[in-house]
Amino acid sequence: MRRASVPSERLLKASLLIALYSVRSEHTFCEKLESHLPYRWFLDMALLERSFDATVFTKNRPQLLAHDADRILFDEVVWTADQGEMLSDEHSAWTSL
């Protein structure tokens, strides 16, 4: 039986969670997703909805990268932080580049 496809937005949000919480791997994240309610809430998943398989990251990554979805999301987050005056040059390694 084939699993339903995972929306690109959900994969981007999952990637964000993996980065923010330093989850060791996509496989580990998918295991945690079965029972970690805050992750499920952030991904707009129903309580009884099955977690997706880690292979969806591998299969869908080229499509996400081809459309610059990750760059667009990052730029939007930085723009929002800048508008809220939440950015600082004090501790940024990027300022020296």
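Helix 4 (55-66) has three buried residues, Val56, Phe57 and Leu64; buried here means under 20% relative accessible area, exposed over 50%, and partly exposed anything in between (1.4 Å probe, protein chains only). Helices are DSSP runs of H or I with at least four residues, numbered from the N terminus. Looking down the axis of helix 4, the buried residues sit within an arc of 80 degrees, so they line one face of the helix. That arc is taken from the directions from the helix axis to the C-beta atoms. The cover over these buried residues includes helix 1, helix 2 (26-33) and helix 5 (69-83), with contact meaning heavy atoms within 4.5 Å. Turned away from the buried side are the exposed residues Thr58, Lys59, Pro62 and Ala66. After helix 4 comes Asp68, with a positive phi near 55 degrees.

All of this comes from a predicted model, where local features need pLDDT of at least 70 and side-chain atom pairs count only at pLDDT 80 or more, while totals for chains, interfaces and linings use all residues. Residues are numbered from 1 along each chain as its sequence is written, and side-chain values use heavy atoms, leaving out hydrogens and water.

Now for the loop between helix 3 (37-42) and helix 4, where Ser51 is found. Ser51 counts as buried, at 4% relative accessibility. A polar atom of its side chain lies 3.1 Å from the backbone oxygen of Cys30.

Leu20 is another story: this residue of helix 1 (residues 8-20) is exposed, with a relative accessible area of 59%.

How values were computed:
Helix = DSSP H or I, 4+ residues; strand = E, 2+ residues; numbered from the N terminus. Polar contact = N/O pair within 3.5 Å; in protein donor to acceptor, adjacent residues only side chain to side chain.
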